[in-house]
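Please study the sequence and the structure before reading each solution.

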Amino acid sequence: MSLAVSPPGASTSTSTTTATTTAARTGPAGLLRRHWPLLPLAATVLLLLAPIAAGDASTSGKVGPADAASLLLVVVCAVQALRGRVRALSPLGVLVLGVPAVGLAVATATAGDPYAALPGFVRYLQVFVLVPAAIVLLVRDAGEFRLAAGCFVVLALVQGAVGVVQFATHTGASYQGADIRAVGTFGPGDVMGMATVVAYGLVVAAAAALAPGLPGRVRRIAGGAALVLVVPLVLSFSRGAWIATVGAAVLVMLLAGIRRALKVLLALVAAGVVLVGGFGVGSEMVAERLTSITQVSSAPDQSVTDRYTMWAAAESMWRERPAVGVGLKGFPANRDGHSSLGLSSGSDTAGAGQAYIRQPLLSPHNMYLLVLSEQGLVGLTALAGGWAALLVAGLRRCAGGGAGIRDCGLIAIGLFVWQLIDFLYADIGGPSTVLTGVIIGLAAWWALPSPSGRDTAAAAGGRTGLVAAPRAASGADGR
């Protein structure tokens, strides 16, 4: 009987080959090959760093770079779906993501002018159906989820830095007669843009800092980023963003645990005292803005009066057509016929490289009332019902554990709750609107896990990276 003798160095050669293969898979080129479908998702978030053209006070109805990237994301998802390379979607996922499309179709078909409503149908379909569905299908594991969440922090840090410089150099948007309002690259025509993206990044960073499964070094970096982002958020003078951030942060802290919540809360309070009390960063204006939150009924300013008037107008439109509303894009055309004389003609915008412009008030600044007035009970039930289902399912999954990927749950729930609270004071509009679809998609990814269980692929051994640790070689000791 002859014996096959392995050539000298065969074991070493095999080990070297395995190591080379592993390095190729985890190196930059390997990561790009594995995760290239997520490039449009990252671009959708990061392209909001591009400055808005000076003098462009309103970007409503215009397709920006981020919107184009989101369209590419949907196309990539369709191609990957045809190739069978997307996550499986549960029946609940199909229902939650599909019913809003039916409600939008009904609102468009029953509008007084369906052709005028068509652009609204496309926009709503993009933000509330196509982009969320693409994210749910394309994001394959926790590592890819963290990649998308990290883009929010990068966007927030850059936009926040621009906003702080604007405040310090008096080159921001006009606020109480001074060009000090931090608006980032969004300009005075979209004063909520920077506040929104900074708040997103702050929530992501705070959730990562509280996540028990992440390494200590990652949590410390995330905590530092969250504290830094408090500064531009304060300097945005956006009451709605402040309220939504506090609400989302409190929920995330409670989900992470009381002890961790107390530590973070003490750190944030200390940072606020040092920032406002010690250095006097806009202390008088910030205090006045905070006080105005509690005076919305006793002594409201003109912006609050306009908001209440438009809320009443939206309710009046709904009462006129309770089932299907006045149709998508129908609020501006019907506003004057349902408003009182207390409504001003518009809001003043100036500064940050833009001359004085008076912007018309074309929405009620409340997403729920906007949907109710334009789409009626059918549309509100389809959209808000799906959001409620995602919130309940996401909270249940957080309570159930989600070992190894709990940070993803905290991030998803934090961002989603922030958006739901903010919808009480704002609605869609402007370049940052596309991020609403991304957030809904991340929330749906967490709340609707894949039936195949691929969500946890990066939970073991790859918590901070994009891929899981390489498996042991096949054989008796690695089977």
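**Exercise 1.** Determine whether P188 is buried or exposed, and state where P188 is found.

*Solution.* The relative accessibility of P188 is 4%, so P188 counts as buried (buried means under 20% relative accessible area, exposed over 50%, partly exposed in between, with a 1.4 Å probe and protein chains only). P188 belongs to the loop between β2 (178–181) and α8; helices (H or I, at least four residues) and strands (E, at least two) are DSSP runs, numbered from the N terminus.

The model is predicted: local features need pLDDT of at least 70, side-chain atom pairs count only at pLDDT 80 or more, and totals for chains, interfaces and linings use all residues. Residues are numbered from 1 along each chain as its sequence is written, and side-chain values use heavy atoms, without hydrogens and water.

**Exercise 2.** Classify the aromatic pair of Y200 and W418, and explain which parts the pair ties together.

*Solution.* Rings of Phe, Tyr and Trp (its six-membered ring) pair if their centres lie within 6.5 Å; planes under 30 degrees apart count as stacked, over 60 as edge-to-face and the rest as tilted. For Y200 and W418, the centres are 5.1 Å apart and the planes make 70°, an edge-to-face pair. Y200 lies in helix α8 (residues 191–210) and W418 in helix α16 (residues 406–422), so the pair links parts 218 residues apart in sequence. Both Y200 and W418 are buried.

**Exercise 3.** Classify the pair of Y368 and W387, and name the aromatic cluster that contains them.

*Solution.* The ring centres of Y368 and W387 are 6.2 Å apart with planes at 70°, so this pair is edge-to-face. Y368 is partly exposed at 21% relative accessible area, whereas W387 is buried at 7%. The cluster consists of Y124, F128, Y368, W387 and F423.
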